[in-house]
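Please have the sequence and the model at hand while reading.

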Amino acid sequence: MAIDVKKLTVDALLELLETKSLAKITIGDIQEKTGISRQTFYKYFRDKQDLIQYIYKTKILSKFKAPDDYNYNFSDDFDSEFDFGDSLIACFEADNKYRKFMKQAIQLNGQNNLRDYMIRHSEEFDCMWLEQMCGKPLTDFQRAVSKYHSNANIQTRINWILTDSPLTPKEKALFLIRLRTISVDGVMADASSEKGPWQKVVERLEFMD
């Protein structure tokens, strides 16, 4: 059976994190832990920051679709309000589960760092999601408003991770989405809609046990 090099590498880094800080873990440490060659590592990852992003995408954002997975057919039966709320809660649950990793990863600076990736992914994802919910491409102003609030949401989430926020994953999700119903829904709604896209997510989460 073929070896899953990516899984092997991810598991090795997370295990090393139990005894060594993320900043001090080297590719050599990962090689020694896994037995893979440096050439093999670079076949799958550009550098340690790329590996950190991969862990973030597969362990923290596992319930979210990648932005490119959204298409532009704007189907009437699209149910992203159900996807988004549940996925956001799962993301916060993963933040808790992998808190040691997340705390250290978001404090690493340099090229291709995780904080920058988190902001970029959130901006892209939210714009794609809103276009599906609104049923049409966003205007330049709507896109700018969405990106502004995506960035603010990520900064709030980073603060929660660093300060060990006592809020539950559902409380965090509702807090962030309720803010968007106030500040974003107004520029997304059209004359035929009584509810903005974020209000639909709030109602979905409030209905959940």
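Does Asp29 count as buried or exposed, and at what relative accessibility? In this predicted model, Asp29 counts as buried because its relative accessibility is 16%, which falls under the 20% cut-off. The side chain of Asp29 meets that of Lys20 in a salt bridge, at 2.7 Å from N to O, and Lys20 is partly exposed, with a relative accessible area of 31%.

**Salt bridges**

The structure holds ten salt bridges, and three of them are set out below with their N to O distances.

| Side chains | N to O distance |
|---|---|
| Lys20 and Asp29 | 2.7 Å |
| Arg180 and Asp126 | 2.6 Å |
| Glu131 and Arg143 | 2.8 Å |

Arg180 and Asp126 meet in a salt bridge; Arg180 lies in helix H9 and Asp126 in helix H7 (residues 114-134), so the pair ties together parts that are 54 residues apart in sequence. Both Arg180 and Asp126 are buried. The side chains of Glu131 and Arg143 also form a salt bridge, and this pair links distant parts of the chain, with Glu131 in helix H7 and Arg143 in helix H8, twelve residues apart. Glu131 is buried, with a relative accessible area of 3%, whereas Arg143 counts as partly exposed at 28% relative accessibility. Salt bridges that share partners also join Arg99, Lys103 and Asp164 into one network.

**Helix H8**

Asp164 directly follows helix H8 and has a positive phi, near 55°. Helix H8 itself, spanning residues 140-163, has 24 residues and reaches 35 Å from its first C-alpha to its last, close to the 34 Å expected at 1.5 Å a residue. Its buried residues include His149, Asn153, Arg157 and Trp160. Gln142, found in the same helix H8, is buried with a relative accessible area of 11%, and, leaving aside its neighbours within four places in sequence, Gln142 is in contact with Pro137, Val187 and Met188.

Helix H1 (residues 5-16) has twelve residues and reaches 16 Å from its first C-alpha to its last, close to the 16 Å expected at 1.5 Å a residue. Among the buried residues of H1 are Val5, Val10, Leu13 and Leu16, and what covers the buried residues of this helix includes helices H2 (27-34), H3 (38-44), H4 (48-60) and H6 (99-105).

Phe175 is found in helix H9 (residues 169-183) and is partly exposed, with a relative accessible area of 40%. Together with Leu179 and Ile182, Phe175 makes a nonpolar surface patch of about 310 Å².

Notes: Residues are numbered from 1 along each chain as its sequence is written. This is a predicted model: local features need pLDDT of at least 70, side-chain atom pairs count only at pLDDT 80 or more; totals for chains, interfaces and linings use all residues. Side-chain values use heavy atoms; hydrogens and water are left out. Helices (H or I, at least four residues) and strands (E, at least two) are DSSP runs, numbered from the N terminus. The expected span of a helix is 1.5 Å times one less than its number of residues. Buried means under 20% relative accessible area, exposed over 50%, partly exposed in between (1.4 Å probe, protein chains only). Patches are made of residues with over 30% relative accessible area and no salt bridge: like charges are joined within 9 Å, nonpolar side chains (Val, Leu, Ile, Met, Phe, Trp, Tyr) within 5 Å. Accessible areas come from the Shrake-Rupley method with a 1.4 Å probe; for residues, only the protein chains shown count as cover. A salt bridge is a side-chain nitrogen of Lys or Arg within 4 Å of a carboxyl oxygen of Asp or Glu. Contact means heavy atoms within 4.5 Å.
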